Amino acid sequence: MTSRIPRDSRLRLVRPRPLAAAPRAMNQQRSRRPAPRPPEGTPAPAELARMARSGLAGAARVARWADAALGPGGDSATADGKATLSDATAERAASDLNLTPAQVRADWDTARLAGLVEVHGDSARPGWRLRAWNRDDSAVLRGWVALFDAWSLAHPEPEDHEPAAVAEVVSAMPQVLSFLQLSAGPVPVEQLLDLLEQRVTELRTARCEIPYGPQPEPAAEPEPTDAPLAPLLDWALRALASVGALTYGDGQATLTPLGSWAVWVKLEQICVAAQSPAGNIEQSAEDMLRGCAQLRPNAARAEYRAWLAARPVGSAVTELLGAARGEDALLRGLAFEALRVVGAPAEPDVRAVLDEPTLRPYALLWLAEHDGTDPEDAHTVLTREEATWLWVDTAAAVADHGEAPLLVRHLESAVQPTVPMLLDEVRAVGHPRTVQVLVALAAAHPDPALAKAVRRAAFQVHTGGS
């Protein structure tokens, strides 16, 4: 006779299932918005990535040099021992790469804007995009779009202009770029200037800029409105040209294929934000995540993107982490799925919660994947105790929102090789939902002997016994 004592039960080591798989509505079919196609004539993604790699070759070269020369174990990073681009570091890089220090600094700045290098305080490290640069076209294109978004930082602002005027031009340029994208060809600068003036006027009107107090008599001949905006438009077009978004010369501007594609991507994001797939765009993070709990993973990610596109990144990340701190373990897992959609901008906030026991396992997995670790291997960054705590937390989500068979299958994802070892470590980890999880697992498991052992463990946790 074969023994049914649980101490002989072996557990297969499998990767935990995503929390989004827990809800009962997971199997429901749902219509999805068809994937939009870029305008006719847009190069294929592989060709766009080749263009982006070519344009960012200098930045990638300096980033790789910094990774090798300034990384852990590298020789004398700088005079102060910090991995920053000091004068000494710039000179050293220029010598090694056969460049001038000015070229090194320019490429370094571009690498930072494109996410190839990440600077944290006084230290720098290679960004995750640099690790994926040669093998992942999507990472390359995201890096170029990050540089495109930062065009106003890529070229010095014209002098003797009020910061408010510069900000107005930066705010108005998306409409100018949209016009260039729709024109699909060269556009005279005079026409762009007219459009810029109209847009800046609209921005000022929307702010209701009505002066207070006594005003001087209006001048007999008002100053032409294009006087302050013409040099600012010239600066904006030169800055956009410096990042490879357009060509500018002979009194006209034309979007490059990369620039046209990037503008189309931004327009699509606006459309997504205007109407989210499942209608959760105006909800709080907690309510949005609850709505996404009923969606398939791909549909949930589309909803995350829509929700994120409608609000500032900083406040969105703060709200998601707030939802993750709640008592619902399912929302905790979904919040970090949404943070994966945020990507690099969320890293400082995710790193800041590593000291919170409830969020630490999720944050460690997020950071490992963000740094380029294969999702299948990310769990190796967790200690045995952290992995056990995460197992209980995930089981709590399944118990609250899933079905009994899913909870039984979750047993197979434990890192412990036997049921007795799992129960011992679950009791020791101190998760607040341990009793409820064990009771639910005992009720769901079809093996009477195993169910009895799990019930006994739940009783021992409840009474404080051993």
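The chain folds into 21 helices and five strands. The model is predicted. Of its 466 residues, 43% count as buried. Taking contacts between residues at least 6 apart in sequence, 68% join residues at least 24 apart.

**Salt bridges between separate elements**

- The whole structure holds 18 salt bridges.
- One of them joins the side chains of D87 and R105, with an N to O distance of 2.6 Å. D87 belongs to helix α3 (residues 87-97) and R105 to helix α4 (residues 101-113), so this pair ties together parts that are 18 residues apart in sequence.
- Another salt bridge is formed by R325 and E356, whose closest N and O atoms are 2.9 Å apart. Both residues sit in loops, R325 between α13 (313-324) and α14 (329-342) and E356 between α15 (347-352) and α16 (360-370), so the contact ties together parts 31 residues apart in sequence.
- R325 is partly exposed, at 42% relative accessibility, and E356 is also partly exposed, with a relative accessible area of 25%.

- R427 and D424 meet through their side chains in a salt bridge of 2.5 Å, N to O.
- Both lie in helix α19 (residues 419-429), three residues apart, which separates them by about one helical turn. An α-helix has 3.6 residues a turn, so residues three or four places apart point the same way.
- R427 has a relative accessible area of 28% and is partly exposed; D424, at 43%, is partly exposed too.
- A network of salt bridges links E286, R290 and D328.

**The three-stranded sheet**

- Three strands form an open sheet in the order β3-β5-β4, and their pairing is antiparallel.
- β3 (187-188) and β4 (246-249) are the edge strands; each has a single partner strand, so one side of each is left without a neighbour in the sheet.
- β3 and strand β5 (residues 252-255) run antiparallel and are joined by two bridges.
- V187 has A253 in β5 as its bridge partner.

**Helix α7**

- Helix α7 (residues 163-183) lies across β3, β4 and β5, and its direction makes an angle of about 75 degrees with β5.
- How far apart are the end C-alpha atoms of α7? They are 30 Å apart, in agreement with the 30 Å that its 21 residues should span at 1.5 Å a residue.
- The helix has a kink of about 35 degrees at A172, shortly before the proline P174.
- A172, the site of that kink, is also one of the buried residues of α7.
- Other buried residues in α7 include A165, V166, V169, M173, V176, L177 and L180. The buried set also includes E168, S178 and Q181. Buried here means under 20% relative accessible area.
- Just after α7, A184 adopts a positive phi of about 55 degrees.

Technical notes. Residues are numbered from 1 along each chain as its sequence is written. This is a predicted model: local features need pLDDT of at least 70, side-chain atom pairs count only at pLDDT 80 or more; totals for chains, interfaces and linings use all residues. Side-chain values use heavy atoms; hydrogens and water are left out. A salt bridge is a side-chain nitrogen of Lys or Arg within 4 Å of a carboxyl oxygen of Asp or Glu. Helices (H or I, at least four residues) and strands (E, at least two) are DSSP runs, numbered from the N terminus. Buried means under 20% relative accessible area, exposed over 50%, partly exposed in between (1.4 Å probe, protein chains only). Two strands pair if DSSP finds at least two bridges between them. Contact means heavy atoms within 4.5 Å. Axes are lines fitted to C-alpha atoms, for helices over the stretch in contact, and angles run from 0 to 180 degrees between N-to-C directions. The expected span of a helix is 1.5 Å times one less than its number of residues. The bend at a residue is the angle between axes fitted to the seven residues ending there and the seven starting there.
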